Amino acid sequence: VQTCALPIFWRMMSAMNIKYTAQDLENSDELSLTKVVERYDWEDIYDYSKIMPYNTDLSQIWFSVPLKIIDNYFGLQFSTVYVTIIYAVLIIVSIFFIMRVLFRRFGKRCLWYSVVLIFILLDQVNLGWLNSLYGEGIAFVALMMVIASAMTIADMKQGTCRWSFFLLFFSELIFISAKGQYTVTSLICLLGTLVLFIYHRPQKIWKCAIYFLLYTVMCIWVTTSAVAVYKNNAKLCEPDTIYQSVFCGLLMMSDDPKQTLVDLELDPAMAVDIGKHAYLDKSEYYCAPRTERAERMLYSKISTFDILFYYLKHPALFWEAMERTAQAAAKDMPDYILVVGEKTTQLHEKVNRFNLWGQIRSYLTCHHFWQLILVYGTQLILGIRFLVNKKNSKRDKMLMIIFFMISAVSLIQYPLSIIGNGFADTIKQLYIFRLTLDITILTGIFLLIPFAKKKSGDLSHE
């Protein structure tokens with residue numbers, strides 16, 4: 001199975017220096033949710049500089065370059081199948097190292113946890129992205145790499161880790177640059193890495209100086225790439241996301257949309273465009289996106305930060321937005337999947353292979369914002385108690401730091417979808433939040449079971 005080809009892949013294709021084949025271009029009407037596209041041609045001039053941090057479009061370039069090098073020597077047409085093979089190897093290796101750390105630290109107690117975790121990770125909800133150009137696929141792979149490398153570093157004897165940090169930085173670079181919306185996680189990832197750096201710092205001053213110089217250089221690399229990806233994404237997508245944040249998000253929840261437009265210093269007559277996303281025919285709008293009229297009436301007067309501040313000034317509206325986000329995150333992932341070789345011009349039969357978790361997830365996850373507050377609040381309180389408890393080993397505390405880092409990545413992704421893009425494609429935009437929420441809940445249950453048993457035992461002794 002593979003995620004269908006869409007015209008929006010032009011941006012990913014440009015980042016990877018590939019293009020549609022002549023045959024696909026001749027049948028371009030089939031490229032919109034009608035068939036699977038696996039083979040692409042290389043651009044006539046391959047821009048290797050896109051791998052540099054100042055010129056990065058998306059992190060997919062890191063998987064395009066090695067295939068292009070092979071093409072230079074042996075001749076190789078680009079195919080998402082080759083990229084998927086690389087992804088598969090990285091996922092398997094990552095899961096192996098995650099499992100190795102878990103069984104080292106917890107022994108047989110983590111057997112059930114490991115089985116359930118693999119069951120969640122290797123579901124179509126995650127694997128369905130891999131044989132495509134969607135950023136969600138590479139984000140899933142990179143997140144597994146981040147978790148695996150960070151856990152491995154945390155499990156090493158204090159002060160012994162050196163070269164493994166390169167892999168952690170590379171994994172974070174790939175994850176952060178996979179999509180524009182993930183660049184906001186840069187600070188979280190780098191702070192988590194800093195804690196691990198301090199934990200493994202050398203004792204000698206001159207070694208420590210070189211050590212933190214390396215950290216600084218890698219931080220500059222990751223941050224520069226994140227800024228380049230964010231700017232490129234803003235240049236290409238910001239007109240659409242701002243439009244949808246206002247008309248397909250904020251105004252749809254407002255009791256008085258015209259007054260809200262006035263509060264935002266916008267023309268209240270634009271209220272007739274409420275509920276419209278940014279990709280309709282221009283004739284269907286009062287103020288069509290990506291036009292001089294929109295530049296004058298909308299884009300020059302408002303930004304994403306203005307929308308965020310408006311939400312913060314209206315707590316009831318913000319709560320409703322977060323509640324709707326929770327409800328969207330609990331729904332099944334939209335059907336982007338086709339079997340290779342299948343074509344369709346209409347709604348097709350849902351592909352349910354390797355999709356058991358995807359089918360039962362909505363019955364087991366959180367459906368309301370207050371439930372999410374309870375989950376993450378409980379984790380925060382118990383996690384802090386764990387960190388300040390002197391009886392716990394430093395290695396276990398480092399693992400808790402990693403757990404906090406992944407949860408923080410989850411939390412920062414949560415409000416971005418509606419505040420940054422309205423209700424347009426909400427569930428897909430929440431992909432990483434959904435995945436990290438599942439990991440957070442499962443890990444929380446695993447950590448709470450021995451805590452509950454201990455408390456139960458204490459009560460019985462009394």
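Reader: What share of the contacts between residues at least 6 apart in sequence join residues at least 24 apart?
Author: This is a predicted model. In the protein, 73% of the contacts between residues at least 6 apart in sequence join residues that are at least 24 apart.

Reader: How many helices and strands does the protein have?
Author: The protein has 20 helices and five strands. Its radius of gyration is 23 Å, close to the 23 Å that the globule rule gives for 462 residues, so the protein is as compact as a globular protein of that length.

Reader: What box do the C-alpha atoms fill?
Author: Along the principal axes, the C-alpha atoms fill a box of roughly 70 × 60 × 50 Å.

Reader: And what percentage of the residues count as buried?
Author: Of the 462 residues, 51% count as buried. The protein exposes about 22300 Å², and carbon and sulfur atoms supply 65% of that area.

Reader: How many bridges join strand 2 to strand 3?
Author: Two bridges join strand 2 to strand 3 (residues 39-42), and these strands run antiparallel. K19 has D41 in strand 3 as its bridge partner.

Reader: What lies in the loop between helix 1 and strand 2?
Author: N17 lies in that loop, between helix 1 (9-16) and strand 2. Just after helix 1, N17 takes a positive phi of about 60°, and N17 is a residue other than glycine.

Reader: Is N17 buried or exposed?
Author: N17 counts as buried because its relative accessibility is 3%, and the cut-off for buried is under 20%.

Reader: Which residues of helix 1 itself are buried?
Author: F9, M12, M13, A15 and M16 are buried in helix 1. They are on the same side of helix 1 because they cover an arc of only 160° around the axis.

Reader: What do the buried residues of helix 1 pack against?
Author: They pack against strand 2, strand 3 and strand 4, and also against helix 3 (61-74) and helix 7 (135-155).

Reader: How does helix 13 look, and which of its residues are buried?
Author: In helix 13 (residues 304-313), the buried residues are I307, Y310 and Y311. These cover an arc of only 100° around the axis, so they lie on the same side of helix 13. An α-helix has 3.6 residues a turn, so residues three or four places apart point the same way.

Reader: Which residues are exposed on the other side of helix 13?
Author: F305, L312 and K313 are exposed there. The cover over the buried residues of helix 13 includes helix 10 (205-253), helix 11, helix 14 (315-329) and helix 18 (416-421).

Reader: You mentioned helix 11. What is found in the loop between helix 11 and helix 12?
Author: E265 is found in the loop between helix 11 (257-263) and helix 12 (292-299). E265 has a positive phi of about 65° although it is not a glycine. E265 counts as exposed because its relative accessibility is 61%.

Reader: Lastly, where is D438, and which residues does D438 touch?
Author: D438 is in helix 20 (residues 431-461). Leaving aside residues up to four places away in sequence, D438 touches I120, W357, R361 and T365. With a relative accessible area of 9%, D438 is buried.

Technical notes:
Residues are numbered from 1 along each chain as its sequence is written. This is a predicted model: local features need pLDDT of at least 70, side-chain atom pairs count only at pLDDT 80 or more; totals for chains, interfaces and linings use all residues. Side-chain values use heavy atoms; hydrogens and water are left out. Two strands pair if DSSP finds at least two bridges between them. Helices (H or I, at least four residues) and strands (E, at least two) are DSSP runs, numbered from the N terminus. Buried means under 20% relative accessible area, exposed over 50%, partly exposed in between (1.4 Å probe, protein chains only). Contact means heavy atoms within 4.5 Å. The arc is that of the directions from the helix axis to the C-beta atoms. The radius of gyration is taken over C-alpha atoms; the globule rule is 2.2 Å times the number of residues to the power 0.38. Accessible areas come from the Shrake-Rupley method with a 1.4 Å probe; for residues, only the protein chains shown count as cover.
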